Amino acid sequence: MDDQLRLVLNGAPRTLPRHQSPTTTLLDWLRAEGLTGAKEGCAEGDCGACTVVLEGSDGARTPVNACLCVLGQLHGRAIRTVEGLGPQHTVPRALAEADATQCGFCTPGIVMSAWAHTREGGDPHEALAGNLCRCTGYRPILDAMARMQDDGAAPPALPAPDSAKFGGFHLPASLDEALALRAVRPEAVVLMGGTDLGLRFSEHREHPAQVLCLLNVAEMQGVEVRATGLRIGAAASYAEWLRACRADPVWAPLVPYLSRLGSRQIRGLGTVAGNLGTASPIGDALPVLLALGAVVEVAQLRGVRHIPVGEFLTGYRRNALAPEELIVAIHLPRPPKGAFLAAEKLSRRHDQDISAVSLAALITFEDGVVREARLAFGGMDATARRCAPAEAALRGRVLDDGALAGAGQALDFTPMADWRGSAEFRMEAARGLLRRLALRHAGLPAEVFA
């Protein structure tokens, strides 16, 4: 078991002194080391000024928010900062030549997002969604990105994940080890990607005495495609889930929705299990899990149990986990053949914003009419939940605008009101999202919903 923090920074192995706190944010540590390209704009993973890139031994490049990562999470990993590219690298040069820089405060974060994008590909707008600065105008940045190419840099050589302990910061590598630690340290903060709990370190400057970080637990890794559905490991990121959905037409309806969950930086580290573990009321994944009838696999030393996600969430910031239990995986059933799956979201910004109202729907048919409907809403209550009266209103009906308008009248929510929307707005928005399902089911082109 390693007892000293080790990582690879800009291609060079680094061993940190034993007195280095493992709950120091990566951003604070980098700036203390003189690497001041990454900036603190918001300290909550929203602005992207602190973006750096995790380099995988398989060549993957994952942009992340340095303000939300703590050093203990990064043991054995490789990090690339803007200084690790240098001013002569093709990515920053392309931005400079396109006049896509101004004061420069946020430019390093844009550089790192763009560098990751040259390897990972996809929509450049999505790649930039987590970098909010547009002070130079958006077009010069996109013009520069259109000229960028992968530099072909070789991936770093990294050790296989192993157990580590840095004072009260525990990094187990197996489920048995994690459960044994949980049994004797029930007070420990359980940490996954840290995109929610990371605010305790960044904004609130907390340093918990005991932290149990599960990112290296072998049994919690990856998204496994099975005939019955998906097994999403507790340590698997939203980005891994999104990749699995992109690879299978059955899950394709979830891709636009999941692509708007946070940003690439958030999806690169954030986990579904972490969202469930903190019982966050703002998790956009929860309506999807409810609509699909997801099951949460939890374990303790005495054994394993499986809990339907609707029973797992017991209230605002509350769940059914016992003190000695850990989430191992989330099982997402495959939609029945011929079922209609859709997910919708309304927010003040299209990208990188929390839902005001969200809806996920799974509807099955028999002889052209609705046999069963599962409608789960987020943003309408203390936590996401299904609406049984609206589901009942659809059974036996043709799925058209009239049926969905009727389902909207059956909504049984007393919506909350906050700065994202009044109670009246939320109710009308939920009804509007229901009626949008009729348009989706009719097969209208994607531009209609942009």
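This is a predicted model: local features need pLDDT of at least 70, side-chain atom pairs count only at pLDDT 80 or more; totals for chains, interfaces and linings use all residues.
The crossing of H2 past H5 is right-handed.

As for who meets whom, H2 brings Ala94, Leu95 and Glu97, and H5 answers with Ile141, Ala144 and Arg147.

## The nonpolar cores

Now for the core residues. The largest nonpolar core has 55 residues, and the ones touching the most other members are Trp241, Leu254, Leu276 and Leu289. Helix H12 (residues 285–292) supplies the largest share of this core, with seven residues.

Take Leu289 as an example. Setting aside neighbours within four places in sequence, Leu289 is in contact with Trp241, Val272, Leu276, Ala294, Val309, Ile330 and Leu332.

There's also a second, separate core, this one of 35 residues, with Leu30, Leu197, Cys213 and Ile266 among them.

## The buried face of H15

Which residues of helix H15 are buried? In this helix, spanning residues 401–409, they are Ala403, Leu404, Ala407 and Gly408. Look down the axis of H15 and these buried residues fall within an arc of 145 degrees, so they line one face of the helix.

And what covers the buried residues of H15? The cover includes helix H14 (388–394) and helix H16 (423–441).

Definitions and conventions. Residues are numbered from 1 along each chain as its sequence is written. Side-chain values use heavy atoms; hydrogens and water are left out. Buried means under 20% relative accessible area, exposed over 50%, partly exposed in between (1.4 Å probe, protein chains only). Helices (H or I, at least four residues) and strands (E, at least two) are DSSP runs, numbered from the N terminus. The arc is that of the directions from the helix axis to the C-beta atoms. Contact means heavy atoms within 4.5 Å. A nonpolar core is a set of buried Ala, Val, Leu, Ile, Met, Phe, Trp, Tyr and Cys residues joined through side-chain atoms within 4.5 Å. A crossing is left-handed if the near helix is turned anticlockwise from the far one by less than a right angle, and right-handed if clockwise.
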